[in-house]
Amino acid sequence: MTFRAMISSISDGIYITDSQGDCLAHNEAFLRITGIPINILGRNVSTLIDDNLISDSATIEVIRSGQRTSKIIIYPSGCEALVTGNPVFDKDGKLINVVCEVRDLSELNTLKDELKRSKQLNKQYREILKNYGPAVSTEVVTVRDPKMQSMLDALPRIGDSDATVLINGESGVGKGLIASLIHEHSSRSTKGKFIKVDCSAIPSSLMESELFGYEGGAFTGAKREGKPGLLDQANHGTAFMDEIGELPLFLQVKLLSVLQDHKILRVGGTTPRSMDIRFVCATNRDLEKMVDEGTFRKDLYYRLNVIPVGIPPLRERKEDIFVLTLSFLDKFCKKYHRNLSFVPEAMDCLYEYSWPGNVRELENVVERLVVLSQTGLIEKADLPEKIRQASEVVVLTVPSSENNRKVIPLRAAVAATERQWIERAFQQNKQLGPTAQALGIDISTLLRKCKRLGIRRTATLAEMP
Ligand SMILES: Nc1ncnc2c1ncn2[C@@H]1O[C@H](COP(=O)(O)OP(=O)(O)OP(=O)(O)O)[C@@H](O)[C@H]1O
């Protein structure tokens, strides 16, 4: 790596002069932080003060004193920076260079503010949670949505009843989780197992023998002693038939007879065996439509649908996004020994996103964020792009008659208005301090808004006459 490449990669500004204060080198970050618009290579630092490009100089102080010196300097960009000048001596103790590090304090202050704000927010979130009434949260399940809460309330009764349950919901909404809780709430949990059968994962040619088992020599390649099926394992327990809509028609007949007679006939067998199984089935398909289309048996559908349980997609129970996010955050922070929180803006994005993969997708996203996060805060920029885009503000620049008529979400309208006024204030006041004052907010709030709304201060200043 060359020296130039090295100093370019540093995020603090670096500015190097000779012993007279003539600029020998600087990095990109120095120009970004200071906003000095001219080529300063070869220029003496005192001429920058004369031209009002800098208000003070650490370099001059180092040349005068021969000592390491720190100063707070405000640059044309409006940035307040901590500048530390370091003297470099040759072997005879003669000053040969001054190397200045320029650290943007406004960024540091913004980060500190963000951290403080997000700590406050976490506290607020927890207060809000209390006021809403307790979210139902156990080791495994967290809900806040009233529909979900009443479903959870009903679980002990559903568990007790021993009736067949049909759970309907999109992929990842928690059908498997609810099915296992039904088993846990029933007396079967002490007598038998919870066996999951994923009807979409077993090839239809193998499904009959997998489900019902087979007798010895039932078909070529069969074990001599035969094999019990998955349903045998669920005896005295619960069989969770996931994706029941994928069960081929010929097996639907066989399942119906198990439900009616409580007997199972193995492939190649002649004597049915008695079984005591509670069936909980799940689907993300419209079984009624399948019945109309003739791909699902009507009699089986009615036999399964004794207790229908519908789990809404996450986008229709947005209150749950918040509590689930916090609960997954807790879970993964414990697992990976991290201590993290979400900044409000990132939480907003999670709230706005439509979560097509439902709770499973949310869980995976939170785990990935916890694993990859390098700081104590999860920010909007850390989120996957599709989630960030979900909350992207509509930026209205010149209000056209079309825009005037169009109704846009209130958040977007507020953001657009804020953006226009901030840009206007920058144009009139040029410097960060006076701009913040004109808007009646402090500098760190202004910087945070610029960041959120994508207002580039240097561009705004450069565009000024
Ligand atoms: N309310 C909840 N609280 C905590 N975790 C949940 C909740 N709902 C779902 N999950 C978690 O989300 C993940 C997906 O849930 P689950 O597998 O039960 O969904 P599913 O609807 O059965 O999905 P599929 O249809 O794809 O099989 C699981 O890790 C589950 O523990």
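In the predicted model, the ligand is surrounded by 17 residues, and the closest of these are Ser171, Gly174, Lys175, Gly176 and Val359. Classified by side chain, the shell around the ligand consists of seven polar, six nonpolar and four charged residues. Three elements, β7 (142-143), α7 (175-184) and α16 (358-372), each contribute at least two residues to this shell. At the level of domains, at least three shell residues come from domain 2 (146-311), and at least three come from domain 3 (316-390).

Helix α16, which supplies at least two residues of the ligand shell, also packs against helix α14 (residues 319-336). The axes of the two helices lie 9 Å apart and form an angle of about 45°.

On the α14 side, the contact is formed by Ile321, Leu324, Thr325, Phe328, Leu329, Phe332, Cys333 and Tyr336. Helix α16 contributes Val359, Leu362, Glu363, Val366, Glu367, Val370 and Val371. By class, the contact residues of α14 and α16 comprise 12 nonpolar, one polar and two charged. Val359 takes part in this contact and is also among the residues closest to the ligand.

Conventions. Residues numbered from 1 in each chain as written. Predicted model: local features only at pLDDT ≥ 70, side-chain atom pairs only at ≥ 80, totals over all residues. Near = placed C-beta within 6 Å. Helix = DSSP H or I, 4+ residues; strand = E, 2+ residues; numbered from the N terminus. Nonpolar A, V, L, I, M, F, W, Y, C, P; charged D, E, K, R; others polar. Domains from an automatic or database assignment. Axes fitted to C-alpha atoms, helices over the stretch in contact; angles between N-to-C directions. Contact = placed C-beta atoms within 7 Å.
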